[in-house]
Amino acid sequence: MLAKSSTELVRQQNSALVLSALRRHGRLAHTEISDATRLASATISAITAELERAGVIEKMEQQAATGRGRPRVLFSQRRNCGYLIIVIISSDSIQYSLVDYAGTLLDRFTEPRAQGGTAAFLDSISAALERVLARSRINPDEVLLISVSSKGLAHASEPVLVWSPVFGAQPVDFTAVLKGGWPAKVILNNETLLVAGALLERETKKAGEGEPVLAALSLGHSIGLGIGRRGTAPAPDISAPNFGHMLHIPSGALCRCGARGCIEAYAGFYAILRTAFEVPIDTIPAKFVPLGEIDKIAAQARQGNRRAQLAFRQAGVALGNGLSRLLSLHGHMPVFITGPGTRHQDLLQAGIEEGLAEAQVVRLGGMPVLTIAPDEPSLVFEGHLNLAFSIVDQDIILSRPHPPVRAAGE
Ligand SMILES: [Zn+2]
């Protein structure tokens, strides 16, 4: 019994390796799957045949470039094996994307966020999900997974937003968005966790030279942080510690979370605005500051306005201090900076370095490498696809019926 179940486990692991190789590299021939997975040729034949029978992958023939000789047989995920819906929640809008099983984007639309409480918010998402189906004529049972992201604190295992800038500590349970007839699973993740996952995957594709662990820091109205660590295949280890609301200065400036002295209360857009206009630090910050307002302050700082320069310097120091604590706790790692706030990196840089420089971890190990990754929306989307497909592929492998077990000696 034990032997049989461990054989089954190995078969599942090998199937997962084949599916993730096809995810990472696209269409692959038998020998290329072998190179990518290091599995034996016969094992790959058995797995690809089984996955093809189950309608999970398909094969196509590619004529040799010369037009002569035998065509190459390439395997790939079968597009209509199922669909994903990606829901990206921002402070002022929600973007919906429909993606097929092979990762092709089929439809996308953005709606303004509904005003009102959590019930109205969830109802508007329910209605939009129905619209996703109607626009592409898809049935609810063809949707394998709905992957939602937001700023704020997500529950570790349930699709529940525990704290968010808009709803505060009022929990938002996303299982409520599916009203009848939807068998799909719903997952929720912090947006910067997904960015860290996408960056880690990009590094992993660099074949051996990429970073094994990295941090993603998102600068905007709120401050997000994700950590990605290359774990044992296939799933990487990604997390989103509560960096923005970590203490920077005891009894300091008032934060949107209600606490005093958080990093965000010095480095978020509203904090930069507050300092630039000399608003008292115990003033309840604005709910939302348009990027154009911060750009204006940045322009003033670049023209030599001292108060505007101080606002960015102070933000930089708060970020640098926070990063030094991150490195002290987790060890040295490169930091990728993303989000709309990267437009002001020239004004933040000196403060960030100042905030980092005092920590022993930096004095001994040197400054971490800081890299600007300005394309946050594409990183968030990539992060969604990576994580969602790893879950979907795992579910497909686990749900397939066991192959017939041969009798001993056969
Ligand atoms: Zn806070």
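Two bridges join strand 9 (residues 160-163) to strand 10, and the two strands run antiparallel. Strands here are DSSP runs of E with at least two residues, while helices are runs of H or I with at least four; both are numbered from the N terminus. Two strands pair if DSSP finds at least two bridges between them. Within this pair, Leu161 stands opposite Val172 of strand 10. Three strands make up an open sheet, in the order 8-9-10, with antiparallel pairing. Its edges are strand 8 (153-154) and strand 10 (172-173), each pairing on one side only.

This is a predicted model: local features need pLDDT of at least 70, side-chain atom pairs count only at pLDDT 80 or more, and totals for chains, interfaces and linings use all residues. Residues are numbered from 1 along each chain as its sequence is written, and side-chain values use heavy atoms, with hydrogens and water left out.

Next, the metal. The zinc ion has the protein donors His245 (ND1), Cys255 (SG), Cys257 (SG) and Cys262 (SG), lying 2.0 to 2.3 Å from it. Donors are N, O and S atoms within 2.8 Å of the metal (3.2 Å for Na, K and Ca); water is not among the atoms, so sites may look incomplete. Along the chain, the zinc donors follow the spacing H-x9-C-x1-C-x4-C. Why is the arrangement tetrahedral? The four donor atoms subtend angles of 100 to 124° around the zinc ion, which makes it so. Four donors count as tetrahedral if all angles lie between 85 and 135 degrees. The ideal angle for four tetrahedral donors is 109.5 degrees.

On a 1 Å grid over the protein atoms alone, a cavity is a set of points where a 1.4 Å probe fits but cannot get out; a pocket is an open set with protein on both sides within 12 Å along at least five of seven lines; lining residues have an atom within 4 Å of a point. Grid points are joined across faces, edges and corners, and a volume is the space filled by probe spheres set on the points.

The whole structure holds three cavities of 30 Å³ or more. The largest cavity has a volume of about 200 Å³. Its lining has 20 residues, with Gly152, Asn190, Ile223, Gly224 and Asn242 nearest the centre. Helix 5 (191-204) and strand 13 (224-229) each supply at least two lining residues. Where does the largest cavity lie? Domain 2 (81-183) and domain 3 (194-374) both give residues to its lining, so it lies between them. Domain bounds come from an automatic or database domain assignment.

The second largest cavity has a volume of about 50 Å³. Its lining residues include Leu219, Phe269, Phe312 and His344. Helix 7 (269-276) and helix 9 (306-330) each give two or more residues to that lining.

Finally, the second largest pocket has a volume of about 720 Å³. Of its 35 lining residues, Ser90, Ser91, Lys151, Pro340 and Glu376 are the closest to its centre. Helix 12 gives the largest share of the lining, five residues. Domain 2 and domain 3 both contribute to the lining of this pocket, so the pocket lies between them.

Note on methods
Four donors count as tetrahedral if all angles lie between 85 and 135 degrees; four count as square planar and six as octahedral if opposite donors are over 155 degrees apart and all others between 65 and 115; anything else is irregular.
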